[in-house]
Amino acid sequence: MSRSPSLPDRPHREIDPDLPDDERIEALRGHYAELVDVHEQLSAQLDDAEERRASLRERVDRVERENETLKSSSLYIATVEDVVGDGEVVVKQHGNNQEVLTEVSPRMADRVGAGDRVAVDDSFAIQTVLDAETDARAQSMEITERPEVSYEDIGGIDQQIREVREAVEQPLSEPEVFEEVGIEPPSGVLLYGPPGTGKTMLAKAVANKTDATFVKMAGSELVRKFIGEGSRLVRDLFEMAREREPAIIFIDEIDAIATTRTESKTSGDAEVQRTMMQLLAEMDGFEARGEIRIIAATNRFDMLDRAILRPGRFDRLIEVPEPDRDGRERILQIHTREMNVDNDVDFAALADDTEGYSGADIESLATEAGMFAIRNERNEVHHQDFLEAVDKIENDDSSDVVTSAGYFYQ
Ligand SMILES: Nc1ncnc2c1ncn2[C@@H]1O[C@H](COP(=O)(O)OP(=O)(O)OP(=O)(O)O)[C@@H](O)[C@H]1O
């Protein structure tokens, strides 16, 4: 730091009062001249000091600004695509889709997994994993690189499987067939029917079969949890799918965002409307022969706004009903494949006893029967265990069976 210049000496002059007037005046003139000189020096020093002060102030301002920028420095949002091992991951930055192989600090190593949204700094070091609170997308979207469901795991809806394969799988696996014939594949497929009948499974099985990423979003979460975010989330949903082509977008409970317009003009309705408009806009601007297929599901077909069923939107409707007797038998067999089931179990008879059960109900029934076997200290499940399970489920008020059978869906 430069040192302040020394101050000039203060002029001091004793003037003898007994001097003749002209000499005194001369002495006073001389004193005055000295004072003027010192004044000029001090003014110059003051100007210098002012100048230095201004330049220091400027430096302080600059440092403060830099400090502020560092403290609040923006982080970029990226998705972890793959954990390569040895503390390295591939991340893809949102927006520019740049893919980067980056090291994970030991502090973050246990917390980072494929599919996580993370905040990265300029050098792509992962600073934080976005938790459910900050990451609306993580809460409302489920992304599975390759779901483990196959068509063989789904019972009783063979006709629906066939239709979904034609409408969703074939355009992905054999797009040339559609080109040769000169038709556009259906834009979107709508699965409708009571809860727990295998709609989600169907969508997952197609993703599995076609090696497509499964991107699921629940319509209800879109509008209920993230007020004001609905349309952004719809945009995000399609963007996520585009980043991961081939992909299957599955919108569960689409009725939550595509209900018939009501007269009321509450802000909640406006939000639902905006979300639906965004969805329609995304679908309208969609390449029908592209690598992204859209499947939606609803339990409330009656409530749907018909605008979403127009050609170019959800133009293939597939009903997924409750399983019939044969379907129930098949689903029972599927869900007991891994169980140690005694020869006395009569699946045909159980199918008769489970009228009105959905696939999900039958899955709970099998688990419940297994619990009875464990309670009776057996490792084999007997027919009687299934009967007790039926009894328990039907007398249990909290059971879904009672409600799902009574669901209104068309
Ligand atoms: N047809 C089926 N075959 C075999 N299992 C089934 C079938 N339907 C449902 N399940 C079982 O029930 C569970 C839930 O099914 P799924 O989520 O596919 O139903 P959904 O129709 O999408 O229901 P929701 O309308 O409530 O979302 C599945 O994980 C599966 O174990």
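I'll start with I254. Leaving aside neighbours within four places in sequence, I254 is in contact (heavy atoms within 4.5 Å) with L190, L279, A296, A297, T298, L304, I308 and F314. Residues are numbered from 1 along each chain as its sequence is written, and side-chain values use heavy atoms, without hydrogens and water. This is a predicted model, where local features need pLDDT of at least 70 and side-chain atom pairs count only at pLDDT 80 or more, while totals for chains, interfaces and linings use all residues.

Next, the cores. A nonpolar core is a set of buried Ala, Val, Leu, Ile, Met, Phe, Trp, Tyr and Cys residues joined through side-chain atoms within 4.5 Å; buried means under 20% relative accessible area, with a 1.4 Å probe and protein chains only. The largest one has 31 residues, and I254, L279, I308 and F314 have the most contacts inside it. Several elements supply at least two residues each, among them β7 (188-192), α8 (230-243) and α9 (267-284). Helices here are DSSP runs of H or I with at least four residues, and strands are runs of E with at least two. Which helix gives the most to this core? α8, with 6 residues. A second, separate core has 24 residues, including I154, V189, L191 and F250.

Now the ligand. Of the 17 residues around the ligand (a heavy atom within 4 Å), G196, K199, T200, H335 and E363 come nearest. A polar side-chain atom of D252 is 3.2 Å from a ligand oxygen.

Notes: Buried < 20%, exposed > 50% of the residue type's maximum accessible area, 1.4 Å probe, protein only. Polar contact = N/O pair within 3.5 Å; in protein donor to acceptor, adjacent residues only side chain to side chain.
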